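Hi everyone, thanks for making time this morning. I'd like to walk you through one chain, so please have a look at it with me.

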Amino acid sequence: MAILEIKTAGDPVLKQRCTEVEKIDKRIKRLLDDMAETMYASEGVGIAAPQVGVPIRAVVVDVDKKRYDLINPVITYREGSVVDSEGCLSCPNLYGDVERAEKIRVKYTTRFHKEKEIEAEGLLARCIQHELDHLEGHLFIEIAQNLTRGKIKRE
Ligand code: NI
């Protein structure tokens, strides 16, 4: 595994709509592992492929020591709304309040080619919504309120 360079706000790769993963091969699995290692090294809880310069629909999140590799994820259900502080590995030291659905269901393909749908709430739901925005070319700073510099929470 390898720690990859994290692209930061202003890089055009973070502004494009990412393409579907067509084939889950060795290259994709290695990318997911490298993304995870890069995320852990930065103490993040989520990372999207465009953040390491690859504009495809792949995300890794790890909340409460459970890692999810989400390939071609789609949110199929949203419920409620909650505002909380967020940060982003691509926007170092910037934090702000973002309104997100409180509870979601997300459908995705696993690295073992299985179709899966999970329910998420709390930090996991927030993190997945944040990462899926990356796949559409959006950063949390576009929608955050009360943006500040400092160290509160990393995502
Ligand atoms: Ni982010």
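Before we start, one term: when I say two residues are in contact, I mean that they have heavy atoms within 4.5 Å of each other. Please also keep in mind that this is a predicted model, where local features need pLDDT of at least 70 and side-chain atom pairs count only at pLDDT 80 or more, while totals for chains, interfaces and linings use all residues. Residues are numbered from 1 along each chain as its sequence is written, and side-chain values use heavy atoms, with hydrogens and water left out.

Let's take the overall fold. The chain has 2 helices and 8 strands; these are DSSP runs, H or I of at least four residues for helices and E of at least two for strands, numbered from the N terminus. Going along the sequence, the order is α-β-β-β-β-β-β-β-α-β.

What about its dimensions? The C-alpha trace spans about 40 × 35 × 30 Å along the principal axes. The radius of gyration is 14 Å, which agrees with the value near 15 Å that a compact globule of 155 residues would have. That radius is taken over C-alpha atoms, and the globule rule is 2.2 Å times the number of residues to the power 0.38. Of the contacts with a separation of 6 or more, 68% are between residues 24 or more positions apart.

Now the surface. Buried residues make up 48% of the 155 residues. Here buried means under 20% relative accessible area, exposed means over 50%, and partly exposed is in between, with a 1.4 Å probe and protein chains only.

Those of you who work with cysteines may ask: how many disulfides does the structure hold? The number is 0, taking a disulfide as a pair of cysteine sulfur atoms within 2.5 Å. C127 is in no disulfide, and the nearest cysteine sulfur, that of C88, is 10 Å away. Both cysteines are covered: C127 is buried at 0% relative accessible area, and C88 is buried at 7%.

Next, please find V74 in strand β3, residues 66–79. Is V74 buried, exposed or partly exposed? At 41% relative accessibility, V74 counts as partly exposed. Setting aside neighbours within four places in sequence, V74 is in contact with R105, V106, K107 and L132. Take L132 from that list: V74 and L132 are 58 residues apart along the chain, yet their C-alpha atoms are separated by 8.0 Å.

D64 is exposed at 73% relative accessible area, and K65 is exposed at 83%.

One last stop: E43, in the loop between α1 (26–41) and β1 (46–48). E43 is exposed, with a relative accessible area of 52%. E43 and L89 are 46 residues apart in sequence and 9.1 Å apart in space, C-alpha to C-alpha.

Thanks, everyone, and I'm happy to go back to any of these spots.
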